[in-house]
Amino acid sequence: MKKLKPSTQYKKDVKRIRNNPRKVEALLQILRLLENGIPIPEQYKPHTLLSDYAGCMECHIQGDFLLIWFDPDSDNIDLIRLGSHSELFGKGAKK
């Protein structure tokens, strides 16, 4: 079982969605898969990112609700960001 390590920015991102039970439950389903080393199903469109997030993975949890993580060959998974395309990749987006 891998350990999930949330970044400070990820924790802030989670605070924005904590009052939306559908998003929280969908996120928890993905996190359980990551934690247990189970590949993310194709329906979530998992893929590797380039540019500012080179080497990181992204998946579409629900529509335009995305998770970015980094899974090095270790026992940890770094949870980087959570949000919409515009929040994560738009002008002025924080990394």
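**Exercise 1. Find the residue in β4 that is the bridge partner of His60, and work out what surrounds His60.**

Step 1. Start with the pairing: His60 has Leu66 as its bridge partner in β4. His60 itself sits in strand β3, residues 57–62. Strands here are DSSP runs of E with at least two residues, helices are runs of H or I with at least four residues, and both are numbered from the N terminus.

A quick word on the model before going on: this is a predicted one, where local features need pLDDT of at least 70, side-chain atom pairs count only at pLDDT 80 or more, and totals for chains, interfaces and linings use all residues. Residues are numbered from 1 along each chain as its sequence is written, and side-chain values use heavy atoms, with hydrogens and water left out.

Step 2. Now look at the strands. β3 and β4 run antiparallel and are joined by five bridges; two strands count as paired if DSSP finds at least two bridges between them. They make a hairpin with two residues between them, and Gly63 in the turn has a positive phi of about 45°.

Step 3. Check the polar side of His60. Its side chain reaches the backbone oxygen of Gly63 at 3.2 Å, and it also makes a polar contact with the side chain of Glu58 at 3.4 Å. (A polar contact is a pair of N or O atoms within 3.5 Å; within protein, one must be able to donate a hydrogen and the other to accept it, and residues adjacent in sequence count only if both atoms are side-chain atoms.)

Step 4. List the contacts, meaning heavy atoms within 4.5 Å. Leaving aside neighbours within four places in sequence, His60 touches Tyr44, Lys45, His47, Phe65, Leu66 and His85.

Step 5. Buried or exposed? His60 is buried, because its relative accessible area is 16%. The cut-offs are under 20% for buried, over 50% for exposed, and partly exposed in between, with a 1.4 Å probe and protein chains only.

**Exercise 2. Which residues touch the most other members of the largest nonpolar core?**

Step 1. Ile30, Leu34, Ile61 and Leu67 do, out of 19 residues in that core. A nonpolar core is a set of buried Ala, Val, Leu, Ile, Met, Phe, Trp, Tyr and Cys residues joined through side-chain atoms within 4.5 Å.

Step 2. See who contributes: α1 (8–17), α2 (21–35), β3, β4 (65–70) and β5 (76–83) each supply at least two residues. The largest share, six residues, comes from α2.

Step 3. Apart from this core lies another one of seven residues, including Leu49, Leu66, Ile68 and Ile80.

**Exercise 3. Trace the salt bridges of Arg16.**

Step 1. The structure holds five salt bridges, each a side-chain nitrogen of Lys or Arg within 4 Å of a carboxyl oxygen of Asp or Glu.

Step 2. Arg16 pairs with Asp13, the closest N and O atoms being 2.8 Å apart. Both lie in helix α1, three residues apart, about one turn of the helix. Asp13 is buried, because its relative accessible area is 0%, while Arg16 is partly exposed at 44%.

Step 3. Arg16 also bridges to Glu87, with the closest N and O atoms 3.1 Å apart. That pair links distant parts of the chain, since Arg16 is in α1 and Glu87 is in helix α3 (residues 85–89), 71 residues apart. Glu87 counts as partly exposed, with 33% relative accessibility.

**Exercise 4. How many disulfides are there?**

Step 1. Searching the whole structure turns up zero; a disulfide here is a pair of cysteine sulfur atoms within 2.5 Å.

Step 2. Check Cys56: the nearest cysteine sulfur, that of Cys59, is 13 Å away.

Step 3. Finish with accessibility. Cys56 counts as buried at 8%, and so does Cys59 at 0%.
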